[in-house]
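Here's a quick briefing for anyone meeting this structure for the first time. Have a look at the model, then read on.

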Amino acid sequence: VFYSIEMDRSISEAEKGVQVQGLNSAIANAKSTIETAANADEIDIALTDGQSDIKKQHKTGIDLYSQKANALRLIDGIVAKVYKAVENDNSLSTDERDIQKEDIDSSVVEARNEIEIATSADEIEVAVTTGETSINSQYHTGIDLYTQKQTAKRQINKTASDVEWSISNDNTLVDAEKNRQKDNTKKAEDSAISAIELAKNADELRYSVDKNRANLKKQHQMNVDLDIQKQNAKDKIDEVAVSVKNNINIDDSLTSTEKTAQKRKVDKVAVETKSCIESGTSAQSIFEENEKGLKQLKETHQSNAFSLTDQKPNAKDLINRIAIKIKDDIDKDVTLTDEQKFAQRQDVDKDVVESRNNIDAAEDAQKVVNEREKGIKRIIDAHQTNIIALTDQKQNAMDFIDQVKVEVKSVIDEDETLKNFEKSDQKNRVDADALNAKNDINL
């Protein structure tokens, strides 16, 4: 019986130990009963009962095939339980679940193989125990969701901080654009934190972190490089300079001199501004120099305070004032005769009318100025002082009186119809008239 127990592969070593212990107890009982037998009959009965009891101690287990089937079912039950634990663990992400389930599957295959090749109940039991341990060990619960959320928030905060730093140090952006992007970053950060709080499991949390970190990084949008910005700014300066100069050219309130001066100033401002833009070290400095230059360029064009419509009456008023002065000068010009004065005054009036008409017909300020200046010159030139001074004119007049006096007195002397006293009387009157005439001339 002992041998059959030892050689029985359907029972485990522990069970063998139990059965051997039972066997030893049956042997001891049988021997004790035999020792206490009082006669041969009792000995026979003790021997028969002892043998029967000893044989009963070997209890064969179920066959190995059935044990293996039971072991495999046990493994399947363990797998199902661990699978369920993995699936219901919201601290694990889908990727982590898949990895753990793959590891479980590997442990299951290994355990089933060990069960299949087992040659005894002990080996089956060891295979089951080892398989169960291996399967259970593949399930590792994740960090609790609260801790994961706190870590996720720190990741979001760090990403937002990095993005804000990169925006602040981006020299391709102007200050206003930097502020706009940083505001958007802050909004994206707040939205990400809210999404993290709402996550129900590790998957939602992981997805929220990845999605919102990507969104945060998108908030920093670099502008084109500084060289391109500089060229664009200088091109804009050139474009506006051309436009301003064109506006100056067509401004009918400006004279040619004023237009030339303003256009030269436009060129000067454009050159200075483009130089400052080229020296810019950031988008903000380029933007500020560009804006300042554009403002200066536009302010360079200054229309006359008086419109062309106002300039024409002003020019005609000046013509009238000059004409009045010149006509007064003509009237006071003692070198001119009344006839000469009258003729010159008529010339002045004619020039006034012609100048006023030309001013009215002028199409711009320069033509108004040209016609005004031309008219003023003609009016001034209309007054022509006699080239002979008044003193010389008086002397010439008196010389002429003397000449006439001599001629008249000669005629009297030669007149045979007159007596001597008549001739003398007439010549005396001639002298008197000559004297009176000279006195009048001197006056």
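Helices (H or I, at least four residues) and strands (E, at least two) are DSSP runs, numbered from the N terminus. By that count, the protein chain has 17 helices and 0 strands, and Ile196 sits in one of them, helix α8 (residues 175-198). Keep in mind that this is a predicted model, where local features need pLDDT of at least 70 and side-chain atom pairs count only at pLDDT 80 or more, while totals for chains, interfaces and linings use all residues. Residues are numbered from 1 along each chain as its sequence is written, and side-chain values use heavy atoms, with hydrogens and water left out.

**The overall picture**

- Along the principal axes, the C-alpha atoms of the protein chain fill a box of roughly 245 × 30 × 30 Å.
- The protein chain has a radius of gyration of 67 Å, whereas a compact globule of 443 residues would come in near 22 Å. (The radius is taken over C-alpha atoms, and the globule rule is 2.2 Å times the number of residues to the power 0.38.)
- Out of 443 residues, 34% count as buried. (Buried means under 20% relative accessible area, exposed over 50%, and partly exposed in between, with a 1.4 Å probe and protein chains only.)
- Take the contacts in the protein chain with a separation of 6 or more: residues 24 or more positions apart account for 73% of them. (Contact means heavy atoms within 4.5 Å.)

**How helices pair up**

- Two packed helices are described by the angle between their axes and the distance between the axes. Axes are lines fitted to C-alpha atoms, for helices over the stretch in contact, and angles run from 0 to 180 degrees between N-to-C directions.
- Angles under 35 degrees count as roughly parallel, over 145 as roughly antiparallel, 65 to 115 as roughly perpendicular and the rest as oblique.
- For residue types, Ala, Val, Leu, Ile, Met, Phe, Trp, Tyr, Cys and Pro count as nonpolar, Asp, Glu, Lys and Arg as charged, and the others, Gly among them, as polar.
- Helix α7 (residues 145-168) packs with helix α9 (residues 202-218) at an angle of about 5 degrees, their axes 10 Å apart, so α7 is roughly parallel to α9. Residues making this contact include Ala152, Ile156 and Val163 of α7, along with Leu205, Val209 and Leu216 of α9. The contact of α7 with α9 splits into 9 nonpolar, 4 polar and 3 charged residues.
- Helix α10 (residues 226-249) and helix α11 (residues 256-278) meet at about 175 degrees, with axes 10 Å apart, so α10 is roughly antiparallel to α11. Among the residues involved are Lys230, Ala233 and Ile237 of α10, plus Val266, Asp267 and Ile277 of α11. Here the contact of α10 with α11 divides into 8 nonpolar, 3 polar and 9 charged residues.
- Helix α5 (residues 94-116) and helix α6 (residues 121-137) cross at roughly 175 degrees, and their axes come within 9 Å, so α5 is roughly antiparallel to α6. Residues that meet include Ile104, Val108 and Ala111 in α5 and Ala127, Val128 and Gly131 in α6. The contact of α5 with α6 has 7 nonpolar, 3 polar and 1 charged residue.

**Residues worth a look**

- Ile196 counts as buried, because its relative accessibility is 0%. Leaving aside neighbours within four places in sequence, Ile196 is in contact with residues including Lys149, Ile156 and Leu205. The C-alpha atoms of Ile196 and Ile156 are separated by 9.5 Å, though the two are 40 residues apart along the chain.
- Asn201 lies in the loop between α8 and α9. Beyond its neighbours within four places in sequence, Asn201 is in contact with Asn90 and Leu145. Asn201 and Lys149 are 52 residues apart in sequence and 9.8 Å apart in space, C-alpha to C-alpha.
- Gln311 is in helix α13 (residues 308-331), and it counts as buried because its relative accessibility is 10%. Its contacts, leaving aside neighbours within four places in sequence, are Ser253, Asn304, Phe306, Ala365 and Val368.
- Ala69 lies in helix α4 (residues 64-87) and is partly exposed, with a relative accessible area of 24%.
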